[in-house]
Amino acid sequence: MEKATLVFRSKGYDGVTIDDLVTGMGVGRPSLYSIFGDKRTIFMRALRAYAEEKGALAAKALFSPPALRDSLTGFLRHAVEVATEEESAPGCLMVCVAPLVNDAEVRQFAQDVAAAAAAQVERRFRDAISAGELPSDFPASIRASQVMDLGRGLTMRAQMGAPRKVLLKDAEEAADLVLLSRDGTAAPGR
């Protein structure tokens, strides 16, 4: 599935042919169909594997550091690192390819993954509120959506060719921006 993911990331769903998958995955056409299925089935399998792997790494980045700012920075840096992986097309299968596929199941899957990720970020904010890192009136749900939007924006900028070094610096700044209080005062711990 990793090889199929690379093919879909580089050409998008509509741009990929069965011949591309045969070549990219290193299997014969009969084996491709008998083992993996048709193009759509391969895409869904690749998408699920990708979401599981990258989602687990994103959750680790979000929940491992004890300080909230560090966890947000790690989460956003992870988005940049995925979008700028060497030996792969810039961008992300979930952000740059899946939303363009005209298939209800694919779109629903992408929406579900995005909602689950936003819920994790919101949970991290709520944990920070409980720990006294954030005030009780911190808008956790809204800021979780903003973190997700910033991550998608960094990913899209990677796809457009922004350098990894610049995006990683911007991820740092984005964490500070999200943590500003409603009155615009500095982020906790800054």
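**Aromatic contacts in a predicted model**

In this predicted model, the charged end of R48 sits over the ring of F109, 5.7 Å from the ring centre. The exercises below treat ring contacts of this kind and ring pairs.

**Exercise 1.** Determine which cut-off on distance the contact of R48 with F109 has to meet.

*Solution.* The distance criterion requires CZ of Arg to be within 6 Å of the ring centre. For R48 and F109 the value is 5.7 Å. A second contact of this type involves K39, whose charged end sits over the ring of Y13 at 4.4 Å from its centre.

**Exercise 2.** Classify the aromatic pair formed by Y13 and F43, and state which helices it ties together.

*Solution.* The structure holds four aromatic pairs. One of them, Y13 with F43, has 5.0 Å centre to centre and 65° between the planes. Planes over 60 degrees apart count as edge-to-face, so the pair Y13 and F43 is edge-to-face. Y13 lies in helix 1 (residues 2-15) and F43 in helix 4 (residues 39-63), so the pair ties together parts 30 residues apart in sequence. Y13 is buried, at a relative accessible area of 16%, and F43 is buried at 0%. Together with F8, these two residues form one aromatic cluster.

**Exercise 3.** Classify the pair F125 and F138, and locate both residues.

*Solution.* The ring centres of F125 and F138 are 5.0 Å apart and the planes stand at 50°, so the pair is tilted. F125 belongs to helix 7 (residues 104-130), whereas F138 lies in the loop between helix 7 and helix 8 (140-159); the two are 13 residues apart. F125 is buried, with a relative accessible area of 0%, and F138 is buried with 7%.

Definitions and conventions
Residues are numbered from 1 along each chain as its sequence is written. This is a predicted model: local features need pLDDT of at least 70, side-chain atom pairs count only at pLDDT 80 or more; totals for chains, interfaces and linings use all residues. Side-chain values use heavy atoms; hydrogens and water are left out. Rings of Phe, Tyr and Trp (its six-membered ring) pair if their centres lie within 6.5 Å; planes under 30 degrees apart count as stacked, over 60 as edge-to-face and the rest as tilted. Helices (H or I, at least four residues) and strands (E, at least two) are DSSP runs, numbered from the N terminus. Buried means under 20% relative accessible area, exposed over 50%, partly exposed in between (1.4 Å probe, protein chains only). A charge sits over a ring if NZ of Lys or CZ of Arg is within 6 Å of the ring centre and within 35 degrees of the ring normal.
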